[in-house]
Amino acid sequence: MLAFLADAYSVAYGLVNSMLIRLAYPVGACLLYLLPELLLPRTRNSLQSYLRATTFLVVTIAINTVVLKAMEGSAGFLDVKPLAFLDLRPLTESDSWPLKITGWLVAVIGIAMVGNFFYYWMHRAQHRFGWMWRVHRVHHSITEMSATASYHHVAEDLFQFAAVTMPMAILLGVASGPVPWLVIVLANTHSYFIHSSARLNIGPLRYVLCDNRFHRIHHSREQRHIDHNFATTTPLWDVLFGTAYFPRADEWPAVGLADVAEPRTIADYLLMPFRR
């Protein structure tokens, strides 16, 4: 009995820790992107939109933490030797700051861009195949996009695990060494930035790093914007595969779906893919 209670405590402790860690990124997003959005808005979003989106994000993180923990316990088949291995520790542990910064950039941004190649094709599949679109349309139904209102359906984490995480784990192993937590938070909360309504301009960097203007085109209701800008980290994949649309400085279209209403309750959010 004591052994059972000890095991149960260990599992519960692990779940709570994982949940707190996964909640840290949305908190970081609020600190990094929500304030500029409130101070320099292109469009002002309603308080109800922020509260609703925050609720859906917390629900998603809670459910997926449990699911991913269960998968970790039964996914021994993923413990395979990758086909290629990249050791960045000579850079990240170097005494030279230029080399150290290069190692950080390769470890975080470079790997994110490679991962975005897999995400790009998964994302295109979500718009092509009906059963995947039924899940993905939850995200596209949002009419007040913001750093907070960037939620996906809870099932999308599973799609990304299968289409992005698994191929990356099998194809490439990386030893990064120490990377500053702020760099990691910035990279992992980039998706909140591309959905924000802040009036920010990253200048020429927008041709190598997706910004909120580039991604808003993907969510646009206008016909000329349909099936463009699938990448979320770098526009390079859209440029290479002919789906890039770089908006004008004043181009800020309305978003959402004409035939699908945005979910208003937790039940709407969770059941939307199963409703016609």
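1. Which residue forms a salt bridge with Asp87, and how far apart are the closest N and O atoms? Arg89 does, and the closest N and O atoms are 2.9 Å apart. A salt bridge here is a side-chain nitrogen of Lys or Arg within 4 Å of a carboxyl oxygen of Asp or Glu. By this rule the structure has seven salt bridges.

2. A word on the source. This is a predicted model, in which local features need pLDDT of at least 70, side-chain atom pairs count only at pLDDT 80 or more, and totals for chains, interfaces and linings use all residues. Residues are numbered from 1 along each chain as its sequence is written, and side-chain values use heavy atoms, with hydrogens and water left out.

3. Now the overall plan. The chain has eleven helices and two strands. These are DSSP runs, numbered from the N terminus: helices are H or I with at least four residues, strands are E with at least two. Along the sequence the pattern reads α-α-β-α-α-α-α-β-α-α-α-α-α.

4. Next, contacts along the chain. Contact means heavy atoms within 4.5 Å. Take the contacts between residues at least 6 apart in sequence: 75% of them join residues at least 24 apart. Leu35 sits in helix H1, residues 2-39.

5. Then burial. Buried means under 20% relative accessible area, exposed means over 50%, and partly exposed lies in between (1.4 Å probe, protein chains only). Of the 276 residues in the chain, 42% are buried. Leu35 counts as partly exposed, because its relative accessible area is 47%.

6. Back to the salt bridges. Arg89 is partly exposed at 37% relative accessibility. Another pair is Arg224 and Glu222, with the closest N and O atoms 2.8 Å apart. Arg224 is partly exposed at 42%, and Glu222 is partly exposed at 31%.

7. Arg248 pairs with Glu251, where the closest N and O atoms are 3.7 Å apart. Arg248 is partly exposed at 45%, whereas Glu251 is buried at 4%. Salt bridges with shared partners link Glu222, Arg224, Arg248, Asp250 and Glu251 into one network.

8. Is His123 buried or exposed? His123 is buried, because its relative accessible area is 1%. It lies in helix H4, residues 97-128. The side chains of His123 and His218 are joined by a polar contact of 2.9 Å. A polar contact is a pair of N or O atoms within 3.5 Å; within protein, one must be able to donate a hydrogen and the other to accept it, and residues adjacent in sequence count only if both atoms are side-chain atoms. The backbone oxygen of Phe230 is 2.7 Å from a polar atom of the His123 side chain. Leaving out residues up to four places away in sequence, His123 touches His136, His140, His218 and Phe230.

9. Helix H9 (residues 212-219) is largely enclosed by the rest of the structure, because eight of its eight residues are buried.

10. Now the nonpolar cores. A nonpolar core is a set of buried Ala, Val, Leu, Ile, Met, Phe, Trp, Tyr and Cys residues joined through side-chain atoms within 4.5 Å. The largest has 22 residues, and those with the most contacts inside it are Tyr33, Val138, Ile142, Tyr151, Tyr192 and Tyr269. Helix H2 (47-74) and H8 each supply at least two residues of this core. Its largest share, four residues, comes from H2. Apart from this core lies another, of nine residues, among them Phe118, Tyr119, Met122 and Met132.

11. Last, the surface. The chain exposes about 14800 Å², and carbon and sulfur atoms supply 68% of it. Accessible areas come from the Shrake-Rupley method with a 1.4 Å probe; for residues, only the protein chains shown count as cover. Trp97, Ile101, Leu105 and Ile109 make a nonpolar surface patch of about 380 Å². Patches are made of residues with over 30% relative accessible area and no salt bridge; like charges are joined within 9 Å, and nonpolar side chains (Val, Leu, Ile, Met, Phe, Trp, Tyr) within 5 Å. Trp97 is in helix H4 and counts as exposed at 53% relative accessibility.
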